[in-house]
Amino acid sequence: MVSYHDLMTGFRKLSIEPQKPVIVHTSLSAFGNIRGGAATLLGVLLAIFPRVMMPAFTFKTMIIPEIGPPLNGLQYGQGKNLNRMAEIFEKSMPVDSLMGDVAETMRRHPKAHRSRHPILSFSGIGVYKALTSQTLQTPFAPIEYLMNAEGWVILAGVDQSVNTSIHLAEHLAGRKSFTRWALTESGVVSCPGYPGCSDGFTQLDAELKSLTRTVFVNGAEIKAIPLAEMMAKGMGIIREDPQALLCSRNSCPRCDAIRTTTRQAKYTRV
Ligand SMILES: [Zn+2]
């Protein structure tokens, strides 16, 4: 059984300067059995870091239209059944279960604020300005805000494939993004700047090793990486090889669309 004290000791060992904001991705199950569950882990984070942000994404608001722009990593007209189950985004909507129990516990915290993006919202405490910097056109502005405030990303029991901040590196490096659509109170809205697939981000782990602080709690690995340095590294890698960090699945609609686009760009340059 992992205690509040065990987690406090572990997260403190990361030695992140007080007042630096953090974006946290975590999975409770990686730690085994935590006494008090998600509330305990969130309590530890808030006791150590006064400014904490987490993803509060809501994929069930998404709609697949009949037609749309080409090379968008999406099969148009294939979503009829899913579209019927789609829900209108509301600020009180629970976060997608993929984000984990701690992210949902954060969203429900009485002191937490949540941004308004109908698919890619974030929630947090002490990060109000970061959250309000987000627009429909700039879904990852809250991460950019944290980066400019010398913030850190913490991966607690999860790997780089859930490290949302790498999507900002893709954006800053000029990589193609996608358009998705979401149900809102004012109808279906178009959401540009939707990111590619993140399954290949695990390839960045070795590159980030020299920047990463690592501790273990009950066998679970907790990593902390400074956002600005991570972004510089990620951007450099993508600029050098426009197909870097894509996944290796046989068929991946978004990675395939990026491969096609970068191939076309190469031919155009020649
Ligand atoms: Zn992929």
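Cysteine 197, C197, counts as buried, because its relative accessibility is 5%; buried here means under 20% relative accessible area, exposed means over 50%, and partly exposed lies in between, with a 1.4 Å probe and protein chains only. C247 also counts as buried, at 4% relative accessibility. The structure holds 0 disulfides, a disulfide being a pair of cysteine sulfur atoms within 2.5 Å.

A word on the basis of these values. This is a predicted model, in which local features need pLDDT of at least 70 and side-chain atom pairs count only at pLDDT 80 or more, while totals for chains, interfaces and linings use all residues. Residues are numbered from 1 along each chain as its sequence is written, and side-chain values use heavy atoms, with hydrogens and water left out.

I turn to the salt bridges. The structure holds 9 of them, each defined as a side-chain nitrogen of Lys or Arg within 4 Å of a carboxyl oxygen of Asp or Glu. Side chains of opposite charge can pair when their charged atoms come close.

Let me begin with E104 and R107, whose side chains meet in a salt bridge at 2.8 Å, N to O. Both residues belong to helix α4, residues 101-108, and because they are 3 residues apart there, about one helical turn separates them. Helices and strands are DSSP runs numbered from the N terminus, with helices being H or I of at least four residues and strands E of at least two. Are E104 and R107 buried or exposed? Both are buried. The pair also belongs to a network of salt bridges that links E104, R107 and R108.

A second salt bridge joins D205 to K223, with the closest N and O atoms 2.8 Å apart. D205 lies in the loop between β8 and β9 (213-217), whereas K223 lies in strand β10, residues 220-226, so the pair ties together parts that are 18 residues apart in sequence. D205 is partly exposed, with a relative accessible area of 29%, while K223 is buried, at 11%.

D256 counts as partly exposed, because its relative accessibility is 26%.

The elements that give two or more residues to the lining are β1 (22-26) and α9 (253-269), and β1 supplies the largest share, 3 residues.

Next, the strands. In an open sheet, 3 strands follow the order β3-β7-β8 with antiparallel pairing; two strands pair if DSSP finds at least two bridges between them. The edge strands, each pairing on one side only, are β3 (62-63) and β8 (187-194). Between β3 and strand β7, residues 178-184, there are 2 bridges, and M62 stands opposite A182 in β7.

Strand β5, residues 122-125, is covered on both faces: F122 and G124 on one side, and S123 and I125 on the other, are all buried. In a regular strand the side chains alternate between the two faces of the sheet. Strand β2, residues 52-55, runs antiparallel to β5 and is joined to it by 4 bridges, with P55 opposite F122. Strand β4, residues 113-114, pairs with β5 in the antiparallel sense over 2 bridges, and S123 is the bridge partner of R114.

S15, in the loop between α1 (4-12) and β1, has a positive phi of about 55° although it is not a glycine. N218, in the loop between β9 and β10, likewise is not a glycine and has a positive phi of about 50°. S15 is partly exposed, with a relative accessible area of 48%, and N218 is exposed, at 53%.
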